[in-house]
Amino acid sequence: MATTTTPVAQALSPDELARPPARLPAHATLVRQLDCELEEAHGLPLVSYDVLARLEKAPDRRMRMRELADAVRLSRSGLTRLVDRMVRDGLIKRSTCSADARGAFAVLTPKGERAVQAARPLHIDGVRRRFLDHFDHDELAVLTNAWERLTASQDQADPCA
């Protein structure tokens, strides 16, 4: 049986505390605000909007459930529960995969397409007002580069994937 060692944790320096992930509460606040706006105006939580927007852009307006879970950063069981609610609400439907009986697709319905199109202007405005407008072009480029590097390295080392 292999043994694992626990790394020794050293306290973060004041300089490290001023950087992400110590600043992740700002992200959580942004997500909560966007979620509230969409829920209040359209009865659509942010994660549901994300699912609908991804399906709208997907070929044939459908995605395999596993790919969709990865795209919206949910566990497969978390996505299954969300899809169950969205199917119940008529926003998406499930479709079996003819090439793989175990596989399933989430498919955008006309009602789901109308919902995402109706919510899009508010969502875009919220992203601009609450995030993009606080940075200039160069700052956004730096942020984008940093988050892409971080996301790529995290995806490669993700023990839950």
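In the predicted model, helix H6 has five residues that are buried, namely Gly112, Val116, Ala119, His123 and Gly126. The helix covers residues 110-130, which makes 21 residues in total. From the first C-alpha to the last, H6 reaches 30 Å, close to the 30 Å expected at 1.5 Å a residue.

One of the buried residues of H6 is His123. Its relative accessibility is 15%, and because buried means under 20%, His123 counts as buried. When neighbours within four places in sequence are left aside, the contacts of His123 are with Leu34, Leu38, Leu46 and Tyr49.

The protein has 161 residues, of which 24% are buried. Of the contacts between residues at least 6 apart in sequence, 52% join residues at least 24 apart.

The largest pocket of the model has a volume of about 1500 Å³. It is lined by 32 residues, and those closest to its centre are His27, Leu30, Val31, Phe131 and Trp147. Two or more lining residues come from each of helix H2 (24-42), helix H3 (46-57), H6 and helix H7 (137-156). Among the contributors, H3 gives the most, with seven residues. By class, 22 residues of the lining are nonpolar, four are polar and six are charged.

Helix H3 also holds Ser48. With a relative accessible area of 4%, Ser48 falls under the 20% limit and is therefore buried. Apart from neighbours within four places in sequence, Ser48 is in contact with Leu82 and Met86.

Note on methods. Residues are numbered from 1 along each chain as its sequence is written. This is a predicted model: local features need pLDDT of at least 70, side-chain atom pairs count only at pLDDT 80 or more; totals for chains, interfaces and linings use all residues. Side-chain values use heavy atoms; hydrogens and water are left out. Helices (H or I, at least four residues) and strands (E, at least two) are DSSP runs, numbered from the N terminus. The expected span of a helix is 1.5 Å times one less than its number of residues. Buried means under 20% relative accessible area, exposed over 50%, partly exposed in between (1.4 Å probe, protein chains only). On a 1 Å grid over the protein atoms alone, a cavity is a set of points where a 1.4 Å probe fits but cannot get out, and a pocket is an open set with protein on both sides within 12 Å along at least five of seven lines; lining residues have an atom within 4 Å of a point. Grid points are joined across faces, edges and corners, and a volume is the space filled by probe spheres set on the points. Ala, Val, Leu, Ile, Met, Phe, Trp, Tyr, Cys and Pro count as nonpolar, Asp, Glu, Lys and Arg as charged, and the others, Gly among them, as polar. Contact means heavy atoms within 4.5 Å.
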